[in-house]
Amino acid sequence: MRGILYTGGELTDLVSFARLPSYLQTFLREQNGVVAYFGGLHIRGCVTGPPWHALAEAWQGETAFWRTYDEVTETDIPFAQDSVGNQFLLRGDAVLFLDTETGELADLEVDFKHFLFGAEKFPLDALGMEQLRAFQQGGGVLKPGELLSLHPPVCIATSGNSRPTSKAVPVAARLTWLADFYRQIKDLPDGQQVRLKPL
């Protein structure tokens, strides 16, 4: 993996570790989670802290994804996220992509090993790094423990030629905002007009 900004140190959450499939255990033994591609991919680790890096927090904590998103089940493992807070989940051996704005779940039709291979070979496409690239070209730096906040959200079509803006925010703040946004729009019909408060 390129552009590594952070690795997770030693395994301190052995309870979560014991529940993982063997291939993920093997990966986490070598490096207990990582922020790579200059923030384009964050693979969580089995740690007791920091909370933004802890797999248990995302999987079983108070704000676990299955508690918010209708399509996510309690056994889905939210092992990673992209630079804007979309999630990569393991369901069996399949890697699923959760759009955290809309709650839509897509099967990427790869296993964990081929997901990593695709990210390494085609990081821009596999990890949807266009917004991160634009943020960096504008002089922005995404630090470990941060995600990009996008305004307007990607799923909203805007009139005129207003350019979307992005800024780095703490992981917890971004994921809380996304969960709240999803709850508000999930029952709206396509094409429904919404009014966005400025960030």
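Biologist: Let's start with Arg-91: how exposed is it?
Modeller: Keep in mind that this is a predicted model. Arg-91 is partly exposed, with a relative accessible area of 36%.

Biologist: And which residue forms a salt bridge with Arg-91?
Modeller: Asp-76 does, and the closest N and O atoms of the two are 2.8 Å apart. The pair links distant parts of the chain, with Asp-76 in the loop between H4 and E4 and Arg-91 in strand E5, 15 residues apart.

Biologist: Is Asp-76 buried or exposed?
Modeller: Asp-76 is buried, as its relative accessible area is 2%.

Biologist: How many salt bridges does the structure hold?
Modeller: Two. Besides the Asp-76 and Arg-91 pair, Glu-120 forms one with Arg-2, where the closest N and O atoms are 3.3 Å apart. Glu-120 lies in helix H5 and Arg-2 in the segment before E1, so this pair ties together parts that are 118 residues apart in sequence.

Biologist: What about accessibility for Glu-120?
Modeller: Glu-120 counts as partly exposed, at 30% relative accessibility. Arg-2 also counts as partly exposed, at 42%.

Biologist: You mentioned H5. Which residues of H5 are buried?
Modeller: H5 covers residues 112-121, and its buried residues are Phe-112, Phe-115, Leu-116, Gly-118 and Ala-119. Looking down the axis of H5, these buried residues fall within an arc of 160°, so they line one face of the helix.

Biologist: What does the face of H5 turned away from the buried side carry?
Modeller: That face has the exposed residues Lys-113, Phe-117 and Lys-121.

Biologist: And what do the buried residues of H5 pack against?
Modeller: They pack against helix H2 (22-30), strand E3 (41-43), E4, E5, strand E6 (94-98) and helix H6 (123-126).

Biologist: OK, strands then. What order do they have in the open sheet?
Modeller: The open sheet has seven strands in the order E1-E2-E3-E4-E5-E6-E7, and the pairing is antiparallel. Its edge strands are E1 (6-7) and E7 (105-107), each of which pairs on one side only.

Biologist: How many bridges do E4 and E5 pair over?
Modeller: E4 and E5 pair over four bridges, in the antiparallel sense. As an example, Ile-77 has Leu-90 in E5 as its bridge partner.

Biologist: Switching topic: which residues have the most contacts inside the largest nonpolar core?
Modeller: Leu-20 and Phe-79 do, in a core of 31 residues. H5 gives the largest share of this core, four residues.

Biologist: What does Leu-20 touch?
Modeller: Leaving out residues up to four places away in sequence, Leu-20 touches Gln-25, Leu-28, Cys-46, Leu-55, Trp-59 and Ile-77. There is also a second, separate core of 15 residues, which includes Phe-65, Leu-89, Leu-98 and Ala-179.

Biologist: How far apart are the end C-alpha atoms of H8?
Modeller: They are 21 Å apart. At 1.5 Å a residue, the 15 residues of H8 (171-185) should span 21 Å, which agrees.

Biologist: Now the backbone. Which residues does the cis peptide bond join?
Modeller: That bond joins Gly-49 and Pro-50, with omega about 0°. Pro-50 lies in the loop between E3 and helix H3 (55-60).

Biologist: And what is phi for Phe-38?
Modeller: Phi of Phe-38 is near 55°, a positive value in a residue other than glycine. Phe-38 is in the loop between strand E2 (34-36) and E3. Glu-109 is not a glycine either, and its phi is positive, about 60°.

Biologist: Where does Glu-109 lie?
Modeller: Glu-109 lies in the loop between E7 and H5, and it counts as exposed at 71% relative accessibility.

Notes:
Residues are numbered from 1 along each chain as its sequence is written. This is a predicted model: local features need pLDDT of at least 70, side-chain atom pairs count only at pLDDT 80 or more; totals for chains, interfaces and linings use all residues. Side-chain values use heavy atoms; hydrogens and water are left out. Helices (H or I, at least four residues) and strands (E, at least two) are DSSP runs, numbered from the N terminus. The expected span of a helix is 1.5 Å times one less than its number of residues. Two strands pair if DSSP finds at least two bridges between them. Buried means under 20% relative accessible area, exposed over 50%, partly exposed in between (1.4 Å probe, protein chains only). The arc is that of the directions from the helix axis to the C-beta atoms. Contact means heavy atoms within 4.5 Å. A salt bridge is a side-chain nitrogen of Lys or Arg within 4 Å of a carboxyl oxygen of Asp or Glu. A nonpolar core is a set of buried Ala, Val, Leu, Ile, Met, Phe, Trp, Tyr and Cys residues joined through side-chain atoms within 4.5 Å.
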